[in-house]
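Welcome! Take a moment with the sequence and the model below, and then let us walk through a few of the helices together.

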Amino acid sequence: MSTEATISSMSAYAILGCGSVGYAVAEELVEEGRDVLILDKDESRVESLRDQDLNAQQTDISDETVKTAVADREVVLILASDVEANKAAVAAIREQDDDQFIVARASDPVTEDELDELGADAVINPSEVIANSALRSLESGELEYKTDQLAAILESSADSVAILTQKNPDPDSIASAAALEAIAESHDAEADILYDGDIGHQENRAFVNVLGIKLTSESKEQTLSAYDVIALVDHADFETPGLDRTVDIVIDHCEPEEEIDASFSDIRPSMSATSTILTKYLQEFDMSPTEVVATALLYGIRSETFDFKRETSPADLTAAAYLYPFADHDTLEQVESPSMSPETLDILAEGIQNREVQGSHLVSNAGFVRDRDALGQAAQHLLKLEGITTTAVFGIADDRIYLSARSKDVRIDIEKILEDAFADIGETGGHSTQGDVEIPLGIFTGIETTDGNRDTLLQLTEEAVRRKLLEAMGVEGAESGNGS
C-alpha cells in the first residue's frame, strides 16, 4: 500500500460479504461519510441493503472477477463468514493491485496465517476480538468491584492506616505505598508508610529524598495494632513480625508463597509492577495524581520493568502513558542518575579485580562490604563487559553473605538459579533477570567472625559460593579465567 496515504484519509471502501460483521462496519463507515460499496452473493440481502440506501451489488466474492468490481477502491474489507471465499478474494485482488489495503476475516490461527501469506495487510478473527473485548469488560468490572471494596474498608473503619512496604523497599514498593496513602487520605484516613529494614540502594535513597516521600522505620513504632487498618503493598515476603491481627489490605503483583488471610486482596501476576495496579485504582477513583505520586509511580513501573525491557504487560504501558503528563521528568532524571558513592566504586573495583569468567558468566567476590546494596550496582555495571551475559557479585557484611545477580540472557531465569543454589541455606528473591541472596555466614564455616579471622572466612566462603552458583548455572565444567 502507498505510504503517502493513511487509512484515516481514505474515502473509497469496498466490503465483501455483508453478514452481521460486514453490516456493522458498513454502517459505521457510511455514518462517517465514506463511499462504501458492498458486494454479497445473497440476492435478498443485497435488496435489503439497497432498501436502506446502501450501495450494494450481487457478486460472488470467490469469483476472480471480483477484482474488477473493486479496482477503484482504496480499502477492501473481506468479511464473509466463508473463509475459503475470503482467501480466493484476497488472492484475486492482490494479483491485480499491490497498493490496495486489504483487511480479511479469518476463523482460526491457521487461516490467519494463510490469509497473511496470500497478501492481506490485516487479518481479524471475530472470535478473538469478542474474547478480548469480554476480557477487557471483565477487567473493568473487576476493578470497579475491587475499588468499591477498598473504599468500603477505608470509609467504614479507617481513621489510621499502616502501609507496610517490603523489608528493604524498592521504588515499586515505595511508589505503591505513596499512591495508597493518597487514596486513604482522600477517604479521610491518616496513613503512615512503614518499612522494617533499610533503604540502602543509592537510587532508592535519592528517590525518597528528592520526592520527599515520608517513610517511617517500623521498629520506631510502638505497635502495629494501634492502627485501624493494616495494608501490605508490594510487600514481597508477606511477613509481618509482631503483628497479632488479620491484615486488612494486600495489593501486589507477585503471588505469595502461602495464602494470606486479608479482608481485601488484589494480587495480579499479569501486571509487572504493583505501581501499575495502584495507577488503575487512582483512575477508577477519578483521582488526578499529584506530581509526586505520578513521578513515583512512573519510576516504579520503569524500575520494575527495566525501562519496559523486561516482562512488560500492556497494562504497564497504558499506566505509564497515563502518568507521563503528570510526572516531573527533571526529578526522574535526578533519581535515575545519582552519583556513585566511594563504597560502590570500591566494590566495583573489587568485582573487576576478583572476577572469574566461565563462558559468558561472571562471578566475583567483593570481599567485606559496608553497603550491601552496592553489590547489585556492581553486578549491573559488570554486565556491560564484552561477552558477559550473566553476573553475580557477593560479599560479607556483619555475619551474613550477600549476593546480587543480573542477566540479559533470555534463556536464564536468575531467580530460579538462585533458588536452586541457595534456597536450602538462605533467603532468595528476585525476577527472571535479577536476584539477591542472603545467607548466614555460619552455615558455611561455623566460625564466629572476628578481626583476626576475616581473611580465612573470606576464603572458606568464596569457594563454596562460587561452586554452588556455577553448578546451578550449569557451567561448572567450563574453562575459567579473569576475562583478561
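How near do the axes of helix α10 and α11 come, and at what angle do they cross? They come within 9 Å and cross at roughly 150 degrees, where α10 covers residues 291-304. Axes here are lines fitted to C-alpha atoms, for helices over the stretch in contact, and angles run from 0 to 180 degrees between N-to-C directions. Helices are DSSP runs (H or I, at least four residues) numbered from the N terminus. Before going on, please note that this is a predicted model, in which local features need pLDDT of at least 70, side-chain atom pairs count only at pLDDT 80 or more, and totals for chains, interfaces and linings use all residues. Residues are numbered from 1 along each chain as its sequence is written, and side-chain values use heavy atoms, with hydrogens and water left out.

A294, L297, L298 and I301 of α10 make the contact with D316, A319, A320 and L323 of α11, where contact means heavy atoms within 4.5 Å. By class, this contact has seven nonpolar, no polar and one charged residues. Ala, Val, Leu, Ile, Met, Phe, Trp, Tyr, Cys and Pro count as nonpolar, Asp, Glu, Lys and Arg as charged, and the others, Gly among them, as polar.

Helix α10 also meets α7 (residues 171-186): their axes come within 8 Å and cross at roughly 150 degrees. This pair is therefore roughly antiparallel too. On the α7 side the contact includes P171, D172 and A175, and on the α10 side V293, A296 and L297 are among the partners. This contact has nine nonpolar, three polar and two charged residues.

Now follow α11 to another neighbour. α9 and α11 pack at an angle of about 55 degrees, with their axes 9 Å apart, which makes α9 oblique to α11. T276, T279, K280 and Q283 in α9 meet residues of α11 including A315 and Y322.

Finally, look at the lining of the second largest pocket, to which α6 (126-157), α9 (274-284) and α11 (314-323) each supply at least two residues. α6 gives the most, with five residues. The lining divides into four nonpolar, five polar and seven charged residues.

Conventions
Parallel < 35°, antiparallel > 145°, perpendicular 65-115°, else oblique.
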